[in-house]
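Colleague: I am new to this structure and would like to know what stands behind the words used for it. Could we go through a few of them?

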Amino acid sequence: MIGVTLVVVSLCGLGAALLVPPAPAHSPGQLKWQPFRGSWQVLSNAWQSPGIFRALIGISVFWFLGACYLTQLPLWTSHVVHGQAGAVTMLLAAFAVGVGLGSLICARLSAGRLEVGLVPIGALVLALAGLDFALHPAMGDGVNTLAELVGMPRFWWMLLDLILIGIGGGLYIIPLYTLVQIRSSDEHRARMIAANNILNALFMVLSAAFGAVMIGVLGVSLHTFFASLALISLITALVCAVLQARPMMRISIFVLVNMWYRLRIRGIENIPDEGAAIVVCNHVSFMDALVMGGASPRPLRFLMDKPIYESPWLNWFFRMAGAIPVASERRDPKGMRRALDMVSKALQNGEVVMLFPEGRLTRNGHMNEFRRGVDLILKRDPVPVVPAALSGLWGSWSSRYDGMPFKGVPRRFRAKVCLSFGAPMASETSTRESLQASVAALKTSIDGYAHNKPFRDPEAPMEHGDMVRQEQN
C-alpha cells in the first residue's frame with residue numbers, strides 16, 4: 001500500500017507539472033558538463049547580488065532547521081514521547097500542516113505583493129514555538145500507544161507547538177522565495193534558483209553534521225538540541241528585523257489596524273510598483289498615517305508636525321518609519337525649506353511620499369482647504385500624484401469628534417473603515433484645487449461603506465445630494 005501510494009502521488013505531481021505554463025529560456029544556449037566549476041560560477045553570480053544572496057542564505061537556514069527537526073523527531077518520539085511509529089507520523093504531519101497553514105496565512109497577509117516584513121515575524125514564531133517544544137518533559141517511562149497519547153493533553157500541546165513551528169516556517173520562507181524570483185533579472189533568474197538549490201543542499205548536509213556533533217559527540221540531551229534550534233531561529237529573527245525594520249513595522253501595523261477596524265481597501269493597484277510618487281489624502285484622525293502606511297504596498301514617507309516628531313517616547317518610532325518633520329513657518333521660518341529639501345531627496349531616491357495637504361485634523365468631519373505645500377513640492381519635483389480618501393474614522397477615539405482626541409476610552413471596536421486610492425494624476429494637472437476635488441469625489445464614493453451602502457464610481461455623474469455634500473466638503 002505504501003508503494004502504491006507513492007506511485008499515485010508521483011503521478012499526480014507529474015500531472016501538475018505538465019499544467020505549469022511554459023517558461024522559455026531568456027538566453028537559450030548549450031551548457032557544458034562542469035558540475036564543480038559550474039556550481040562555483042553559479043554561487044559567484046549570486047554573491048554579486050547582495051540582497052538576493054542574503055535571501056538565499058535565509059532560505060537555506062530554513063532548510064537547515066527543517067532538516068534538524070525532521071531527522072530528530074523519531075528520536076524525540078522514542079526518548080521523550082515514548083511512542084511508536086504512529087506517534088512519529090502524527091508529529092511529522094503536524095509540522096507539515098503548520099507549513100501549509102503558514103503559507104496560506106502569508107498569502108492572505110501579502111495580498112499578492114512581496115512582504116519581506118513577514119520574514120522576521122515568521123522567524124520569531126519559529127523561535128518561540130521551538131523553545132516551548134524543547135521544554136516538554138518526558139511523557140512517562142513505559143511505551144505509550146497512539147491511543148494513550150491521544151488522551152494526553154501534553155501530546156496535543158506538543159502537536160500544537162509543531163504546527164506553530166510550521167506556521168512560522170511558512171511565514172518565513174514564502175517571502176524569501178518570492179524575493180529571489182522577483183528581484184533577480186530574467187537573464188540570471190535560473191542561476192539564482194540553481195544557487196539556492198546548491199546552498200540548500202549544503203545547509204542540509206550541515207544539519208546532519210550539526211546533529212551528529214551535538215548529540216553523538218557532545219552528548220547533549222534532545223531538549224538542549226531543540227533549544228539550540230530555537231536560539232538559531234531567534235538570532236535569525238533579530239538579524240532579519242535589523243535588515244527589514246521598516247517592512248516588518250509596516251506589516252505589523254497592517255495586522256493591528258485590521259484587528260482594530262474592519263478595513264476595506266480599494267484601488268491599491270493605483271500606487272505605482274516603482275519610482276517616485278506622492279499620495280495625498282484627507283485628514284480625519286491620528287490613526288490616518290497608520291492606516292495608510294499599513295495598507296500601502298510600498299513604504300511611505302510621511303510629513304508630520306515637528307513637536308510630535310520630537311516626542312521623547314515616540315521619536316524612535318517616527319525615525320524608523322522615515323517620517324519627515326515639518327514646523328510651521330511662524331515657529332521656524334527655515335523649517336519648511338528643510339522639510340521640502342527632505343521631501344525632494346526622498347522623491348529623487350524613487351520613494352513614495354504621503355501628504356495630508358489640509359495640514360491639520362478636521363474638526364467637523366468635513367475636509368479643510370488644501371494648503372500650498374503640495375504645489376511647492378510638485379514645482380520642485382514633478383512626479384505622479386495618487387489621490388486617496390479615508391472614510392469611517394470620523395467619530396473614532398483618535399478624531400476630534402468630541403473636541404480632544406484620545407479622551408476617555410474607545411467607544412467603537414471593529415468599526416467599518418474604507419480607504420480608496422484613485423488613478424494617478426500627472427504633475428502638470430495636479431494643483432491643490434484639482435487634488436482636493438479628486439479626494440472629495442473619492443470620499444463621497446466610499447462614505448456609504450459604514451452604512452452598508454454600495455460604493456459609487458467617483459468618475460460617474462453625482463446626484464444632487466452628493467453634489468451638496470461635496471460642495472460642503
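Modeller: Two strands count as paired if DSSP finds at least two bridges between them. Bear in mind that this is a predicted model.

Colleague: How do you know that β3 and β4 are paired?

Modeller: Strand β3 (residues 300-305) is joined to β4 by 3 bridges, and the cut-off is at least two, so they count as paired. The two strands run parallel. Leu303 stands opposite Ile324 in β4.

Colleague: What makes β1 and β4 edge strands?

Modeller: In the open sheet of 7 strands, the order is β1-β7-β6-β2-β5-β3-β4 and the pairing is mixed. β1 (261-266) and β4 (324-326) each pair on one side only. From one strand to the next, the twist averages 25 degrees.

Colleague: Which helices lie against this sheet?

Modeller: Helix α14 packs on it and touches β2, β3, β4 and β5. Its direction makes about 155 degrees with that of β4. Helix α16 lies across β1, β2, β6 and β7, at about 40 degrees to β6.

Colleague: Why are the buried residues of α15 said to be on the same side?

Modeller: Those residues are Val374, Ile377 and Leu378. They cover an arc of only 95 degrees around the axis, which puts them on the same side of α15. Among the elements that cover them are β2, β5 and α16.

Colleague: Why does Ser60 count as buried?

Modeller: The limit is under 20% relative accessible area; Ser60 has 0%, so it counts as buried. Ser60 is in helix α3, and its contacts beyond four places in sequence are Asn196, Leu199, Asn200 and Phe203.

How values were computed:
Residues numbered from 1 in each chain as written. Predicted model: local features only at pLDDT ≥ 70, side-chain atom pairs only at ≥ 80, totals over all residues. Heavy atoms only, no water. Helix = DSSP H or I, 4+ residues; strand = E, 2+ residues; numbered from the N terminus. Buried < 20%, exposed > 50% of the residue type's maximum accessible area, 1.4 Å probe, protein only. Contact = heavy atoms within 4.5 Å. Arc of directions from axis to C-beta. Axes fitted to C-alpha atoms, helices over the stretch in contact; angles between N-to-C directions.
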